Amino acid sequence: MSVMIKETAMSESEMIAAAERALADIAKIRAGVGRVIFGQESVVERTLVALLAGGHALLVGVPGLAKTKLVETLGIVLGLDSRRIQFTPDLMPSDILGSEVMEQDEQGKRSFRFISGPIFAQLLMADEINRASPRTQSALLQAMQEYHVTVAGERHDLPAPFHVLATQNPLEQEGTYPLPEAQLDRFLMQVDILYPELEAERRILLETTGIEDAKAQNVLDPERLKDIQHLIRRMPVPETVVEAILKLVRSARPGQGHAETDKHVSWGPGPRASQALTLCARARALYDGRLAPSIDDIRALAEPVLQHRMALSFAARAEGMTVRDVVARLVKDI
């Protein structure tokens, strides 16, 4: 098999042994999440793929679909230090990052001390992120890309691993601030959460309205999660998959010779989308028990990776089209 992206430091036998250990841990994670989150297999898979790939995810869904519960459960199951920020219009950047305070010791000497904010966590839940002002939203930009923050000219490194799982309610538009494109691009995937299936909702009714609720249990620790993330980055990517990623992402950009894209898309995804697809395809392959991604992984991940990195033209919106419609048509060509 022709391979374009590959690290040679690990032998094939070592890779297989490491993958088998990772698969056992991933099975424990899936079982741990499944005790608390009923149904929503696709949502759980995509969110876990984003975390295993070492990135951030934007969870979009109407109220009551267990977005907060999912993030809380993942924090417990993965053994991550989790914090939650409820975004509101009056939230300030210092409420997230932290601030410096002046202190005076017994000798009367004054000095500044940095008090860290809730962003200094391994798993940060940014609840209803679009309710905060752009000034506060931008406080996350540096952290999500560079994994450190700068306060009063001083650099403060964030704990590792560091992940942001943000939630957004697509219904309410009043009193909200749409996320800027630069920040949306920092999210590895946008995970749309739909209403549960009938049997899943039946189970929710029966198991969450009694005296005892199912509680999540820890099955992993942060160091082991980092090991799995490192393993995923070492997984080989077949050249055919690399070519499919390049073809898909480039065909989603206007001006690249794709007539339908030129007609319906105002602006398309940048190289970060290609990086996201590559990482997520590796993570999804391991999630499914495979040692290398396939083109089917690209087809399955195209929508969550690309939809928040594209904008439709006015003509396309007037026709009632959605970004999902455009992505679905592009996927058929790979």
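Guide: Some ground rules before we start: residues count from 1 along each chain as its sequence is written. Since the model is predicted, local features need pLDDT of at least 70 and side-chain atom pairs 80 or more, while totals for chains, interfaces and linings use all residues, and side-chain values use heavy atoms, leaving out hydrogens and water.

Visitor: What makes H2 oblique to H12?

Guide: Helix H2 (residues 41-52) packs on helix H12 (residues 271-287) at about 120°, with the axes 9 Å apart. Helices here are DSSP runs of H or I with at least four residues, strands are E runs of at least two, and both are numbered from the N terminus. Axes are lines fitted to C-alpha atoms, for helices over the stretch in contact, and angles run from 0 to 180 degrees between N-to-C directions. Under 35 degrees is roughly parallel, over 145 roughly antiparallel, 65 to 115 roughly perpendicular, and the rest oblique. So H2 is oblique to H12.

Visitor: Which residues meet there?

Guide: From H2 you get Val44, Glu45, Leu48, Val49 and Leu52, and from H12 Cys280, Ala283, Arg284 and Tyr287. Contact means heavy atoms within 4.5 Å. The contact has 7 nonpolar residues, no polar ones and 2 charged. (Nonpolar covers Ala, Val, Leu, Ile, Met, Phe, Trp, Tyr, Cys and Pro; charged covers Asp, Glu, Lys and Arg; the others, Gly among them, are polar.)

Visitor: How do you know which strands pair with E2?

Guide: Two strands pair if DSSP finds at least two bridges between them. E2 (residues 57-60) has 4 bridges to strand E9 (residues 163-168), in the parallel sense. With strand E10 (residues 189-192), E2 also has 4 bridges, parallel again. So E2 pairs with E9 and with E10. For instance, alanine 57 has leucine 165 in E9 as its bridge partner, and leucine 58 has glutamine 190 in E10.

Visitor: Are the E2 side chains buried or exposed?

Guide: Ala57 and Leu59 point one way, Leu58 and Val60 the other, and all are buried. Buried means under 20% relative accessible area, exposed over 50%, and partly exposed in between, using a 1.4 Å probe and protein chains only.

Visitor: Why do E3 and E10 stand at the edges?

Guide: The open sheet has 5 strands in the order E3-E6-E9-E2-E10, with parallel pairing. E3 (82-86) and E10 each have a single partner strand, so one side of each has no neighbour in the sheet.
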